[in-house]
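Trainee: I am new to this structure. Please take me through it by question and answer.

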Amino acid sequence: AKRAILALGVFAEAEVEPDLSHPNSPTVPVKVVVTPSELRAVKVGGGIELDVIRSGVHALTGWEDRNFLGGLRRFNIDLRPGIVLYPTRLPKFQAPQEVLFEARARAELRQPGVLEARTGGTVRGEINVYPVLAFTDADRPAKAFVPGYLDLSAGYGFDRSFGPFYANLSYNFQNSFPFDYGATLQNFHKVVLSYVDLKTTLDLRNDAIRPRSGIFVGNDLQVAGLPVLPNFRGDGVLFAKDLRLQPEVRGYIPLSRRWTLALRATTGFLLPLPSSYGDTFRPGIEPGVDDIQLVFFRGFFSGGPNSNRGYPYRGVGPKGKVSQFLPGVDEDPLNPTLFPTGGLTLWEASVEVRFPLSGDLGGVLFCDASDVSQYRFDVRLLYPHLSCGTGIRYDTPVGAIGLDLGFPIPGAQAFAPSAASSEKVPANAFALSIGIESR
């Protein structure tokens, strides 16, 4: 009942309490105490980003109406303009020589009571403009152009809760146009994504925001290429046809009155359909540029705040010599610069101990492991890329804001005898990540 009340989106708090003042009564009155929230809100904020990949600043603005035109319709607009200071990044702190513009804009309307009382309908539109940067040991010259994408996407869907079980079925369409930040872009094509997405969750935790016990199971199933469209490959357009599956499980065990053990595991499989893409993601073949472009959107990567925290974003996984993504880099024939190409198989695991510090401030000790393979159904458990570290959490009404510092463990990156030396030695000494905790 509490979950259904909060799902309406117009109450900040809800408590369902039995009235036990009359123990001999054959009935027990139930009292529901709610705290109304503001129906309209303006969001204004900003942030600073500095890591081993990039640095920049961005603003966050938005408007939300939880009773748009009546009927508890929700309408929100979010705008996030920003700039990337290039090539400034950790750990060298080079002075910025180029300013790259990026922006994200999203509008969404949710209508409750579609088809029947507890089914909601959502329609959304989104525009994103961003550069494609990756962790690399090479010093890229400031005047070298940086590739980027302009994404135009839209979608609609329906969601329904059945007690602790939740399902969301949606159709999504996206056009991604490559561009550059200062030169002529070559060998890049427009990418078209059309897919049906089914997200399901089973939430048996004691609390969705601050869980201390219970289990959470989720799954994301996508079928790309629906409705069936012709293969545009070779006509300047890349179109994805595939099956993508990513299940996840989280568990929470109370160690004491205030200490909690949190566990998380996920795996992912991407199966490109024949004649679509992915033919070059096979042993003994150098990945093609077209396949790399599509896997960039559809494939798996690991590393970052909600992944392997000892590595930067996209820091775990296969890498290749992709000059289109790293133009202008002075190549060393004996030690070429490599770009994260992503892969078709993923696994991640995490163990975390959470403990209180003071008030809403808490601490964590964690160890993360993960791997991304370039090939289908290739779960490489001998490539754990183990990292451990510590962090702090500050509880807010929407979740915990986290600051984590992770370190790859020497000698625990790859145990397979055939592993390359680059797999056995971590590329970075540490990773610092900040974000909303979603574990």
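Predicted model: local features only at pLDDT ≥ 70, side-chain atom pairs only at ≥ 80, totals over all residues.

Trainee: How many helices and strands does the protein chain have?

Mentor: Both are DSSP runs numbered from the N terminus: helices are H or I with at least four residues, strands E with at least two. The count for the protein chain is three helices and 21 strands.

Trainee: Is helix 2 mostly covered or mostly open, and how many of its residues are buried?

Mentor: Buried means under 20% relative accessible area, exposed over 50%, and partly exposed in between (1.4 Å probe, protein chains only). Among the buried residues of helix 2 are Asp291, Gln293 and Arg298. Helix 2 is mostly covered, with eight of its 10 residues buried.

Trainee: Which residues touch the most other members of the largest nonpolar core?

Mentor: A nonpolar core is a set of buried Ala, Val, Leu, Ile, Met, Phe, Trp, Tyr and Cys residues joined through side-chain atoms within 4.5 Å. The largest one has 24 residues, and the members touching the most others are Tyr149 and Phe297.

Trainee: Which element gives this core its largest share?

Mentor: Strand 10 (190–203) and helix 2 (289–298) each supply at least two residues of the core of 24 residues. The largest share, five residues, comes from helix 2.

Trainee: Why does Pro318 count as buried?

Mentor: Pro318 sits in the loop between helix 2 and strand 15 (319–320). Leaving aside residues up to four places away in sequence, its contacts (heavy atoms within 4.5 Å) include Phe339, Val372 and Gln374. Pro318 counts as buried because its relative accessibility is 13%.

Trainee: How far apart in space are Pro318 and Gln374, C-alpha to C-alpha?

Mentor: In sequence, Pro318 and Gln374 are 56 residues apart. In space, C-alpha to C-alpha, the distance between Pro318 and Gln374 is 6.3 Å.

How values were computed:
Residues numbered from 1 in each chain as written. Heavy atoms only, no water.
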